[in-house]
Amino acid sequence: MPDLAPADQSVDVLVVGAGITGIYQLYRAREAGFSVQLLEAGGGVGGTWYWNRYPGARFDSESYTYGYLFSRELFDEWVWQERFAEQPEIERYLNHVVDRFDLRRHMRFDAKVSSAVYDESSGTWTVVVDDGSEYTARFFVAATGVLSVPYFPDVPGREDFRGESYHTGLWPTTPVDFAGKRVGVIGTGSSGVQIVPVIADEVASLTVYQRSANWCTPLNNAPITTGEQAQLRADFDEICNVLNTSASGFLHQANDRAAFDDSKAERQAFYERMWNTPGFGKLISHYTDVMFDEAANAEWCAFIAAKVRSIVEDPETAEALIPKDHRFGEKRPPFVNGYYEAFNNPNVSLVDLHRTPIVRVTETGIATTEGVREHDTIVWATGFDFGTGALARMGIRGRSGLALEDYWADGPKTFLGAQTVGFPNFFFPGGPHAAAGNNPRYNGDQVDFVTETLVYARGHGYDTIEVDPAAEEEWTGMVDRNASKGSFTEASYYFGTNIPGKPRKYLLNSGGRPKLFAVIADVREHDYRAFRLSRSSDATQTTA
Ligand code: NAP
């Protein structure tokens, strides 16, 4: 491979995004001997854990399953305080990783990419940042995440509001003062339900604007005791083994029983255990058929509904908080800590937008069909342009100036959720068609694979890597075909349905992590034939 000058602005690998995936990609590429530069739009390290710093933001994967596993020393020395760490601890951890492995000197912050253009004659990418600075790289890796472009719904008057407005996914680094304020929170997904109980006690009033209720269950967070800390360290090898090989990337064990294998009394006792199980254990360790057998799902939903009625004192509010439009598991379920209880606080009220929709935002509040509520602060917890949002906005241009957003106009086409035809030397680990469980685990699989592919190409004298159209078609076809076989339905933003005009295409990897593993193994076994490998100086020359 021709050497690129070692200056930061001309590197082998240019990574965009200093989140969990980008940090790991930077580390892996540098360890493999490539020169690397990382660009990050935010002012610091963290990606999603930098931007989502709203009160109450925390993991709902166990902290030690979400952190990196590539270094035993790192695992040993970082002492997670809670089973599900809160955002400040997560941000501290990621900064620690960056400094411990001396990665910061390869990073530039406040550097939002405005364009990335492939040059066919040299086989390189030119990446421009919004301050005009330019970078050239052989390989361009966008680790820009799937939940990184906040979505503001087009509610009339949104710009007219004269109070303070925040989006959970664009939270300022300076503290927001809620004390004594009349606050409106719009949206009751995972973000909305995390912030509500945390600010409920300090505000003058808190109005929760709910369009669709969600099946929320307790996160069951707890401090990690000294004994548990010691056990985690002792179990490191076993933990790695499970996390690196399991379908979901969690430690939770799958159940082997179907709901109606058990008697009614056994099922009720089981649901109670599930209610008290931490985080995603409630999906992974649940009855095998809970997502697919209507009667099993309905019984679990009835159990949750009864819990909501038993917690929320006002019966009308309790009824409004119980979903009527989807089953458990059709959407990504949020996990909560005191969310239902917050509605017993006289400061907190719920507005059911199905009954009284928002008409507009006014200069001083929010008008629904039943009148105006005055607010000092509005929190938009209204979600993200999932999967393709960031990639479609970066000005990415491949062969013959092909725009990525045009090539993906009908939905993303990918191979392994990591590469796409017409965009040689461009990779996007952690992007669309990738997700299949605990994010850092499959994103890490992809980073490892991208790095191995770069190393393979270098080792064989190639400097241009482009996925074969047949491989892309097969992977994309697999994703689309299997999309209806999982539990998620078009009620979920995983189909892009929360963004007006977005194609309704499945944006996760519906084959799951086992399919990702199988195809990666096949690529290795067949000498990377899924890719067209060539030398930029030559005409296309494949390994096939
Ligand atoms: P979300 O799940 O997409 O929820 C957005 C909310 O905004 C929904 O309640 C939606 O209502 C509402 N909404 C959208 N447009 C609206 C409108 N025009 N009027 C009124 N309400 C409107 O977004 P999110 O809560 O930010 O969560 C996104 C994802 O981020 C989660 O699924 C999860 O993967 C991740 N996350 C994880 C954690 C964690 O615990 N680790 C925390 C936060 C987020 P509808 O449902 O009716 O559309």
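Reader: How do I read the packing of helix H9 (residues 264-275) and helix H11 (residues 294-311)?

Author: Two packed helices are described by the angle between their axes and the distance between the axes. Here the axes of H9 and H11 come within 11 Å and cross at roughly 60 degrees. Axes are lines fitted to C-alpha atoms over the stretch in contact, with angles from 0 to 180 degrees between N-to-C directions; helices are DSSP runs (H or I, at least four residues), numbered from the N terminus. This is a predicted model, where local features need pLDDT of at least 70, side-chain atom pairs count only at pLDDT 80 or more, and totals for chains, interfaces and linings use all residues. Residues are numbered from 1 along each chain, and side-chain values use heavy atoms, without hydrogens and water.

Reader: Which residues of H9 and H11 make the contact?

Author: Contact means heavy atoms within 4.5 Å. Among them are Tyr271 and Trp275 of H9, and Trp300 and Phe303 of H11.

Reader: And which residues are closest to the ligand?

Author: A residue is near a molecule if one of its heavy atoms lies within 4 Å of it. 24 residues surround the ligand, and the closest are Thr188, Ser191, Arg211, Ser212 and Tyr493. Helix H6 (residues 190-199) gives the most to this shell, with three residues.

Reader: What is 2.4 Å from an oxygen atom of the ligand?

Author: Look for polar contacts, pairs of N or O atoms within 3.5 Å. That one is an N or O atom in the side chain of Ser212. A polar backbone atom of Ser190 is 3.0 Å from a ligand oxygen, and a backbone N or O atom of Ala381 lies 3.3 Å from one.

How values were computed:
Helices (H or I, at least four residues) and strands (E, at least two) are DSSP runs, numbered from the N terminus. A polar contact is a pair of N or O atoms within 3.5 Å; within protein, one must be able to donate a hydrogen and the other to accept it, and residues adjacent in sequence count only if both atoms are side-chain atoms.
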